[in-house]
Amino acid sequence: MRISPILTWYFGKHVLISILGILALLIGLILIGDTIELLRRAGGKPDATVSIVFQMATSRIPFMTEKVLPFAVLFGSMFSFWKLTGNQELVVTRAAGVSAWQFLLPPIMCAILLGSIQVMALNPLSSILLQRYETLEARYLQGNSSIMNLSSSGLWLRQGTQDGQAVIYAREVRGQATDRVDLRNVTIFRFENADDFTTRIDAQRAVLEPGTWHFYDAWTFHPGQISEFSSELMLPTNLTVRKIQDSFASPETMSFWNLKPFINLLERAGFNATRHRIHFHSLLSRPLLLCAMVLIAAAFCLKFSRRRRASLVIGGGVATGFILYFCTDVISALGVSGGIPPVLSAWAPAGISLLLGVSTLLHLEDG
């Protein structure tokens, strides 16, 4: 027996409203907590006004929505199935010949729709606002002086010096190891204070060594003076290879549509793109993960009866959600460290969750 369009719409709408309600509740709680924490951090920063703090807190909302969406789908589906079962609506539906797999189709379609919206629309918005949040955080709460940007035209670095700042531009990255970076066709602009230009250095090669930039075949230009040539030139620095890697745009601040080109750019430059690759495949697997959340929720709640303790059902669902979150972090860390392939670390949580939900339903249901 096929499920009717009316039942499809009813079940789908019921589950979707529950998911969106739980999502709004979680986002509200997170917004309150973020605002309080940011106000605490901004306590000793005179430039970090309440308006700035509120902008930072609201800029994180799309990012946190992405983070809690699987939990919202799990808890919202549990609440919806629990209510439908407690009202005997699913009992009547199944007595009419509709199997569990048939009335689970509308919630699964809603999960796929939400996952697709997250990847294609919410993630680009989240990346823009999260980048804005990190800019405000660095400016008002951290006071960072080192910035890095990698583009198709070359590599840009900025570092603080004893008397000001230095901007380093390299047209080519030749090699990168654990403690050194080899750059070619390098230009350095040195400034005193904020924007008083003092020196320009053009070098054929620059090597970042521990605590020092080592320039080779360098011409130094001072305004109004004759240029000087040096076969070798040293510039103290607090930059390290690790800081340079960490200064790349974090995967979360990059849109899904820009991740793949940036991964190719990183790899061509000789840098490690594992974190970005894992994030890219995690986004691709998100609709599958949300489907798994619906199946796990169904496994907990479809057999619910009034004689069973509600706390057992709720506790089981909450425990499953946090176990999944913990396992996802562990598997992702293994992927970043090279313990397992990045693609496997990104798809494993969704695949394992889906298999767990399907196998549990197959055990509980007759077909």
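**Entry 1: ground rules.** I take helices to be DSSP runs of H or I with at least four residues, numbered from the N terminus. I am reading a predicted model, in which local features need pLDDT of at least 70, side-chain atom pairs count only at pLDDT 80 or more, and totals for chains, interfaces and linings use all residues. Residues are numbered from 1 along each chain as its sequence is written, and side-chain values use heavy atoms, with hydrogens and water left out.

**Entry 2: an open space.** I looked up the second largest pocket, and its space comes to about 720 Å³. A pocket here is an open set of points on a 1 Å grid over the protein atoms alone, with protein on both sides within 12 Å along at least five of seven lines; lining residues have an atom within 4 Å of a point. The volume is the space filled by probe spheres set on the points, which are joined across faces, edges and corners. I noted 30 lining residues, with K67, S282, R286, T328 and D329 the closest to the centre. Which helices supply at least two residues each? I found α3 (61-86), α6 (105-142), α9 (274-284), α10 (286-301), α11 (310-337) and α12 (342-364). Helix α11 gives the most, seven residues. I sorted the lining into 14 nonpolar, ten polar and six charged residues. Nonpolar covers Ala, Val, Leu, Ile, Met, Phe, Trp, Tyr, Cys and Pro, charged covers Asp, Glu, Lys and Arg, and the others, Gly among them, are polar.

Entry 3: I then turned to cavities, sets of points where a 1.4 Å probe fits but cannot get out. The count is one cavity of 30 Å³ or more. The largest cavity holds about 40 Å³, and I27, I30, L31, D34, A57, R60, I61 and M64 line it. Helix α1 gives the most to this lining, with four residues. I counted six nonpolar, no polar and two charged residues there.

**Entry 4: two helices side by side.** I checked α1 (residues 5-41) against α6: the angle is about 10° and the axes lie 12 Å apart. Axes are lines fitted to C-alpha atoms over the stretch in contact, and angles run from 0 to 180 degrees between N-to-C directions. So α1 is roughly parallel to α6, a label for angles under 35 degrees.

Entry 5: I found T253 in the loop between α7 (241-247) and α8 (256-268). Buried or exposed? T253 is buried, at 7% relative accessibility, where buried means under 20% relative accessible area (1.4 Å probe, protein chains only) and exposed means over 50%. Leaving out residues up to four places away in sequence, I saw that T253 touches S127, L130, Q131 and E134.

Note on methods. Angles under 35 degrees count as roughly parallel, over 145 as roughly antiparallel, 65 to 115 as roughly perpendicular and the rest as oblique. Contact means heavy atoms within 4.5 Å.
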